Amino acid sequence: MKVALISHPDKIQQKPDFPPIGIAYLGAVAKADGHETLLFDAGQKSVEMILDELKGFKPDFIGVTCWTINRETVWALCEKLKVALPDVFLALGGSHSSLFPAHIFAKTHASAVAIGEGEETLRELLNALATGGDLKAIDGLALRNPDGSAFLTAKRKRIDNLDTIPFPDYRGFKDFNIDDYNGFPGLPRPTAPIISSRGCVFDCSYCSSVAFWGNCWRGRSADNILREIEWLVKDIGARSIYFFDDNFTVRKERVIEVCEGIKAMNLGIKWACCSHVRLVNQELLQKMADAGCVGIDFGVESGSNKILRQINKKQTREDIEKAFAAAHAVGINPRAYLMVGNTGETS
């Protein structure tokens, strides 16, 4: 089958920070199964450019990522896909699609929505479409009923061994060049993204992580992570790495093993990651700094202990101050994600 995958479109066409790693993973899975794939970074290409290329490619299947933010850009893209390629099977995925499949069917002509983790779901969906299989037998799908409502198939089991997933297929993007991305502030360009784990050990009230990945944390092996880092540097041309994990430092032993591996490879890279203020200490941060870590992002959200309790953040103002001081002490630049407008906040 010919498979086209499109990342969430931006309202304004501009240089993105990173290539869309989600559809690059899905593209790698589809390609490994023998499908002809074409990936689109809708942050770099206008809808008109995408449509022109799709008409020439003549796909059998189109998958589109949908987030909650700027979701109206997805509605607009799908409306134009309906006019230009009305007979192509359209499926949506991503966080908004997974949590609100009925909304997807109300706003687009999509035939299916992938719920949560998409690699195995896509593999089975493409196989069923190619062979005339029963879509209702595929776990992890929402299918459009004749009246436009959603039929939910059985919940899909999580992928236990993340090492079995192929590395993202960045070459699936036409004329891909890692230099076409802004990267991460404070890191040498170009910067490549990497996801070394899925899920989170916390359950903050505002976050979609648990709903999307499940109430657990799964990590790739240090060896698998290090092989991808080497590939990103030597084959893709990255000079730095940004870990997109919700919490990179959940398992300290794994972090230390990755740090030791980075030093042993002697690639000269810098990197940054995300974490929770209660999942670091100065000893661990020192090992990270020695391996090239120069930045760490924390979900601070608020300086009020009352608000932190209210959003189930599992941290205090004292925890935040301690983590930031420890990062500064070893030369790592800490950044804070902040929220405004929580219930009970005052000006």
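Helix 8 (residues 222–236) and helix 9 pack with their axes 9 Å apart, at an angle of about 35°. In this description, helices (H or I, at least four residues) and strands (E, at least two) are DSSP runs numbered from the N terminus, and axes are lines fitted to C-alpha atoms, for helices over the stretch in contact, with angles running from 0 to 180 degrees between N-to-C directions. The structure is a predicted model, in which local features need pLDDT of at least 70 and side-chain atom pairs count only at pLDDT 80 or more, whereas totals for chains, interfaces and linings use all residues. Residues are numbered from 1 along each chain as its sequence is written, and side-chain values use heavy atoms, with hydrogens and water left out.

The crossing of helix 8 past helix 9 is right-handed; a crossing has this hand if the near helix is turned clockwise from the far one by less than a right angle, and is left-handed if anticlockwise. Ala222, Ile225, Leu226, Ile229 and Glu230 of helix 8 make the contact with Arg254, Glu257, Val258, Gly261, Ile262 and Met265 of helix 9, contact meaning heavy atoms within 4.5 Å. Seven nonpolar, one polar and three charged residues form this contact, where Ala, Val, Leu, Ile, Met, Phe, Trp, Tyr, Cys and Pro count as nonpolar, Asp, Glu, Lys and Arg as charged, and the others, Gly among them, as polar.

Helix 9 (residues 252–265) also meets helix 10 (residues 282–290), their axes coming within 9 Å and crossing at roughly 25°. Helix 9 and helix 10 are therefore roughly parallel to each other, since angles under 35 degrees count as roughly parallel, over 145 as roughly antiparallel, 65 to 115 as roughly perpendicular and the rest as oblique. Their crossing is left-handed. Lys252, Val255, Ile256, Cys259 and Lys263 of helix 9 touch Leu284, Lys287, Met288 and Asp290 of helix 10, a set with five nonpolar, no polar and four charged residues.

A further pair consists of helix 1 (residues 21–32) and helix 6 (residues 119–131), which pack at about 40° with axes 9 Å apart and are therefore oblique to each other. The crossing of this pair is right-handed. Tyr25, Leu26, Val29 and Ala30 of helix 1 meet Glu119, Leu122, Arg123 and Leu126 of helix 6, giving six nonpolar, no polar and two charged residues.

Tyr25 also lines the largest cavity, together with Leu162, Ile165, Phe167, Ile195, Arg198, Arg220, Asn224 and Glu228. On a 1 Å grid over the protein atoms alone, a cavity is a set of points where a 1.4 Å probe fits but cannot get out, a pocket is an open set with protein on both sides within 12 Å along at least five of seven lines, and lining residues have an atom within 4 Å of a point.

Ile115, Gly116, Lys155, Arg156 and Phe212 are the closest to its centre among its 21 lining residues. Helix 7 supplies the largest share of this lining, three residues.
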